[in-house]
Amino acid sequence: MPAAPRPTTGAPCPPAFLDLAERLADAAGAAIRRHFRTPMRVEEKPDRTPVTIADREAEAAMRAILAAKAPSHGVIGEEFGTHGPDRSLIWVLDPIDGTKAFMTGKPTFGTLISLVRDGAPILGVIDQPVAGERWIGAEGRPTRFNGSPVRVRACDRLERAVLNTTSPDLFAGADLSAFRRLAAAVGLTLYGGDCYAYGLLASGFIDLVVEAGLKRHDFCALAPVVAGAGGVITDWRGAPVTLASDGRIAAAGDAVCHARARAFLSEDACSPG
């Protein structure tokens, strides 16, 4: 397993890593666009999630580039497993975050690419290859959307906040109760979008994204994108997002909104002030 996460240094992420991340996104996007809204076979993986040829081709394309350009780095991918998990620098790949949206023709999925250093994400890409939309966040740099800086919006009152989650079906037990408490307190709750919702948060269109049951390829890329746009993203306990996070993620554009949302998500919450 990777070493325990260390605090980020704040030094700007090297341009070479950014360039490589863009190349990975370009390669994945080319593979995905070939199959979007075409007849294809959908298979079910052992965890009962769907997978298509586009998922596999996109990840294979990214892995081929990494093998040639960054052979000393580790790789964690949703479709083809882990290589070099003990290395300091590891690329975390989700070729299609939102395969259910992709296979039903909805352009709200995305490719997630993250570079993790000693367990902590230092670079993240959310790429929507059909719409041609790309968010890139990196340590020590502002988040950019298609090359231009973006910023979260201020919203310190939950009753005015727009909350998004992929599906209420992803919450269970106490997590579902906690989400319902929060949803009852906000101004508007929306569903769907997968990783795309975090890009919209970074661009100032959504105030909160709360999810549970995510895997590390689902959440590592999100942290640099949200943080670089001035937002806050942690687990439900308020700890930084790392490879070791438990998959319960809370992101907000406003720090006050984030703190108030987390109060509703805490296990002992009843009626936070």
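Biologist: At what angle do helix 4 and helix 8 pack?

Modeller: Helix 4 (residues 173-185) and helix 8 (residues 255-265) pack at about 135 degrees, and their axes are 7 Å apart. Axes here are lines fitted to C-alpha atoms, for helices over the stretch in contact, with angles from 0 to 180 degrees between N-to-C directions. This is a predicted model, in which local features need pLDDT of at least 70 and side-chain atom pairs count only at pLDDT 80 or more, while totals for chains, interfaces and linings use all residues. Residues are numbered from 1 along each chain as its sequence is written, and side-chain values use heavy atoms, with hydrogens and water left out.

Biologist: What does that make helix 4 relative to helix 8?

Modeller: Helix 4 is oblique to helix 8. Angles under 35 degrees count as roughly parallel, over 145 as roughly antiparallel, 65 to 115 as roughly perpendicular, and the rest as oblique.

Biologist: Which residues meet there?

Modeller: A178, F179, R181, L182 and A185 of helix 4 meet A261, F264 and L265 of helix 8, where contact means heavy atoms within 4.5 Å. By class, this contact has seven nonpolar, no polar and one charged residues. Ala, Val, Leu, Ile, Met, Phe, Trp, Tyr, Cys and Pro count as nonpolar, Asp, Glu, Lys and Arg as charged, and the others, Gly among them, as polar.

Biologist: Turning to helix 1, how far apart are its end C-alpha atoms?

Modeller: They are 31 Å apart, which agrees with the 30 Å that the 21 residues of helix 1 (residues 15-35) should span at 1.5 Å a residue. The expected span is 1.5 Å times one less than the number of residues. Helices (H or I, at least four residues) and strands (E, at least two) are DSSP runs, numbered from the N terminus.

Biologist: Which of its residues are buried?

Modeller: The buried residues of helix 1 are F17, L18, L20, A21, L24, A25, A27, A28, G29, A31, I32 and H35. Buried means under 20% relative accessible area, exposed over 50%, and partly exposed in between (1.4 Å probe, protein chains only).

Biologist: How do helix 1 and helix 2 cross?

Modeller: Their axes come within 8 Å and cross at roughly 155 degrees, helix 2 being residues 53-69. The two helices are therefore roughly antiparallel to each other. From helix 1, residues including L20, L24, A28 and H35 make the contact, and from helix 2, residues including I53, A58, M62 and K69. That contact has 13 nonpolar, one polar and four charged residues.

Biologist: And what follows helix 1?

Modeller: Helix 1 is followed by R37, whose phi is positive, near 55 degrees. R41 lies in the loop between helix 1 and strand 1 (43-44).

Biologist: Is R41 buried or exposed, and what is it in contact with?

Modeller: At 66% relative accessibility, R41 counts as exposed. Leaving aside neighbours within four places in sequence, R41 is in contact with V51 and T52.

Biologist: Where are D118 and D194?

Modeller: D118 is in the loop between strand 6 (110-117) and strand 7 (120-128), and D194 is in the loop between strand 12 (188-191) and helix 5 (196-202). Phi of D118 is positive, near 50 degrees, and D194 has a positive phi of about 50 degrees although it is not a glycine. D118 counts as buried at 15% relative accessibility, and D194 counts as buried at 18%.
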